[in-house]
Amino acid sequence: MFETAGRMESLPFSEIRVMMERATQMQKQGVDVIHMEIGRPDFDTPAIIKEAAYESLKKGNVFYTSNYGTPELRRAIAEKLRRDNGIDYSPEEILVTIGVGEGTYAAVAAFLSAGDEVLVPDPVWLNYIHVPEFFGAVPVSYSLKEENNYQMDADEIESLITDKTKMLVINTPSNPTGGVQSRETLEKIARLVEKHNLIVVSDEIYEKLTYGGVKHVSFASLPGMKERTITLNGFSKCYSMTGWRLGYAAAPVACIKAMVRVHQYINTCASSFVQEAGITALEKGESAVQEMVAEYERRRDYAVDAINAIDGLSCKKPDGAFYIFVNVRSLGMTSAEAANYFLEEAHIATVPGSAFGPQGEGFIRISYACSYERIVEGMERLKKAVEKRQASR
Ligand SMILES: Cc1ncc(COP(=O)(O)O)c(C=O)c1O
């Protein structure tokens, strides 16, 4: 009866969800599971932003808005992009989306035809594989390697470019590696993009989550790149607003006009009162964001030291996001086996690196978007589980 369309074959369930569900099942049976698999901040949304949403509802702000988003929010986003990212966008160059998830979908739907190739990182947030495939486009992976501190390699990327390559996806800071692309790396990529006339999708959803003085560089801020770039960003991670579903795309007007045609048939517009709260987040949310960043940094520092002190595990100190990509190769297990072992043996939920692409094999992703106390407990359990594994070999 419900025989799915052929294109559904490229849409598997996410392995991250599979792990979350297994961990939740165990929890229901009374097991004390530490959730380090989730890419969701553990903080409440800052009160000032919640208040703005209540006030907006009380005022009766309950109707459809423009497909593009409200003029007020688009102005606030343009202002934010000027202030934080050094890019001069007009409000007409902004489309308010239902998170970066929708921004990704609209960008791919608007610009990739069947057979077009899109260069995507490996490991990667999987939407960049499955959404292009859904439209018959071909994701071609470029590698982010631990030994390169997860920097993009312009030579490798150039070697993958063919006459079918139309788009390049950049994600900095990165899920799942926590790597942040340096200005120098991005400048090399900009030269390639110009030479091969590519559209760039720059996913900057973790932009404010950088540590140790490392600064995020927006790709569109580099000379000549604004004209070629779709900057995707949103409120989920930095403002702890994952459930609010609010994001935006910034790009030249012709590009935004194409994307809004996709957006109007899926979502019409983002929620009216959520958009109003988004203005408060941008204009008054910075100190709350900085408090969260300081806490993430404290957790990162603890977890990285604890992991590197365990004989059998190692990791780079990530400069951004809230993930640590832990090298588990010396345990003599695949990523999936290691993640399963830690769940069964230590009751710690993580995600196998292989879930993010072939380059992730040999790693597990640990999220430190859970409390400091749980991280301390988690690292102790991890140490015991690794010791037990090493003793049994
Ligand atoms: C790189 C990246 N982009 C986008 C998203 C999703 O963002 P949103 O909640 O705005 O749809 C995620 C969520 O994990 C992500 O890791």
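## Basis

The model is predicted, so local features need pLDDT of at least 70 and side-chain atom pairs count only at pLDDT 80 or more, while totals for chains, interfaces and linings use all residues. Residues are numbered from 1 along each chain as its sequence is written.

## Around the ligand

The shell around the ligand holds 13 residues, of which Gly99, Gly101, Asn175, Gly234 and Ser236 come nearest. A residue is near a molecule or strand if its C-beta atom, placed from the backbone, lies within 6 Å of it. Helix H4 (residues 99–111) gives the largest share of this shell, three residues. Helices (H or I, at least four residues) and strands (E, at least two) are DSSP runs, numbered from the N terminus.

By class, nine residues of the shell are polar, three are nonpolar and one is charged. Ala, Val, Leu, Ile, Met, Phe, Trp, Tyr, Cys and Pro count as nonpolar, Asp, Glu, Lys and Arg as charged, and the others, Gly among them, as polar.

## The sheet

Four strands form an open sheet in the order S9-S10-S13-S12, with antiparallel pairing. Strands S9 (314–315) and S12 are at the edges with a single partner strand each, so one side of each has no neighbour in the sheet. Two strands pair if DSSP finds at least two bridges between them.

## Strand S13

Strand S13 (residues 363–367) pairs with S10 (residues 323–327) over five bridges, and Asn327 stands opposite Phe363. With S12 (residues 351–352), S13 has two bridges, and Pro352 stands opposite Ile364.

Five of the five residues in S13 are buried (20 or more other C-beta atoms within 10 Å of the residue's own, all placed from the backbone). Phe363, Arg365 and Ser367 point one way from S13, and Ile364 and Ile366 point the other way.

How values were computed:
Buried ≥ 20, exposed ≤ 12 C-beta atoms within 10 Å, placed from the backbone.
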